[in-house]
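Work through the exercises below with the model in view. Each task is followed by a worked solution.

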Amino acid sequence: MPKPSLTTHRLSLQLLALLISAMGFYQTVNAQQRPTLTAEQQQRMLIHAVADKENLYVIPGFDGGMSGGNVAVLVTEDGVLIVDNKFSYSYLDIMEMVRRVTSQPVRYVLNTHHHADHAGSNASFMPAAQVVAHRNVRKNMLANDLPGVPEILFEQSATIFLGGQEVQSHHFGRGHTDGDSVIFFPQLGAVHTGDLFVWGERLDGSTLAPFIDFANGGSAAQWTATLDRLLALDFDTVIPGHGPILRKADVRVFRSKFDQLLSRVQILIDDGVTRDSIVSAIDIEDLNWPMPATRIEQIYDELIR
Ligand SMILES: [Zn+2]
């Protein structure tokens, strides 16, 4: 057999990477299919620098269906740390974006939670990078038969030093799931919140609203207390789970809207409104959080306990 040329070697490496992500694809319970995006949508998903935060970049994500979650990229002279990694098919896309800003290897991957639009390509990163997550991310990924289960876990917080940069991952309590982490860059004054904080519109133009994953330990009742611990951190710039880069004041706005949602459900419970009539009785139009009826009913169920 002839010695394989450099080109075929490269090609087989690419095939291997494709195979690895394809394996992840087939193991995923909710099969993910790469959507067809318009040129304008693709343009919105290009990596860009976070203003005034040296060496911090974002690969944008606006929804759980088409663009995935926001990926934060911290570049140091000793390697790259990323927060979240979109879908099972996103590995090569993310690496292409990272290669636009650095030739350093990705050494750490932090998961904000287990969902397949945030931790979907863990498995593809794991041969070369350490994936670090809260213990319940592992629990939830095993329970949902998701690939790329993290092996380095923490209960309260984990700190990574890389190339002179400190990165902290904090579990502040339940909210979107029971394994949510907030990633804090103390030297930069920036956070990635995961889906504890989402904002704005999806790529299809519909409006994002908080989702409480009750099946995976999420809690509406505890969400604002979890946000209060996030707000105690010293930061000015926020990368939400989905949506544009925002300011700390926007997290306060989100928290107050969430508090309104809870107190309106609670007032109706106190007035004796039944589960069957909660959706017709509540008015949350002004919050601009479109929600399916089941979500309101689940919040009712949690608060009436
Ligand atoms: Zn999520």
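This is a predicted model: local features need pLDDT of at least 70, side-chain atom pairs count only at pLDDT 80 or more; totals for chains, interfaces and linings use all residues.

**Exercise 1.** State the order of the strands in the open sheet, and find its edge strands.

Solution. Start with the order: 7 strands run β1-β2-β3-β4-β5-β6-β7, with mixed pairing. Next, look for strands that pair on one side only; these are β1 (48–49) and β7 (152–154).

**Exercise 2.** Follow Val73 from its strand pairing to its contacts.

Solution. Strand β3 (residues 71–76) pairs with β2 (residues 56–59) in the antiparallel sense, over 4 bridges. Within this pairing, Val73 is the bridge partner of Tyr57. Beyond four places in sequence, Val73 is in contact with Tyr57, Ile47, Ile59, Val80, Ile82 and Val98.

**Exercise 3.** Describe the length of helix α7, its buried residues and what covers them.

Solution. Helix α7 (residues 248–270) has 23 residues and spans 33 Å between its first and last C-alpha, close to the 33 Å expected. Its buried residues include Val251, Phe254, Arg255, Phe258, Leu261 and Val265. An α-helix has 3.6 residues a turn, so residues three or four places apart point the same way. The cover over the buried residues of α7 includes α6 (223–231), β12 (237–239), α8 (278–281) and α9 (293–304). Just after the helix, Gly272 has a positive phi of about 90 degrees.

Notes. Residues are numbered from 1 along each chain as its sequence is written. Two strands pair if DSSP finds at least two bridges between them. Helices (H or I, at least four residues) and strands (E, at least two) are DSSP runs, numbered from the N terminus. The expected span of a helix is 1.5 Å times one less than its number of residues. A residue is buried if 20 or more other C-beta atoms lie within 10 Å of its own, exposed if 12 or fewer, and partly exposed in between; C-beta atoms are placed from the backbone. Two residues are in contact if their C-beta atoms, placed from the backbone, lie within 7 Å.
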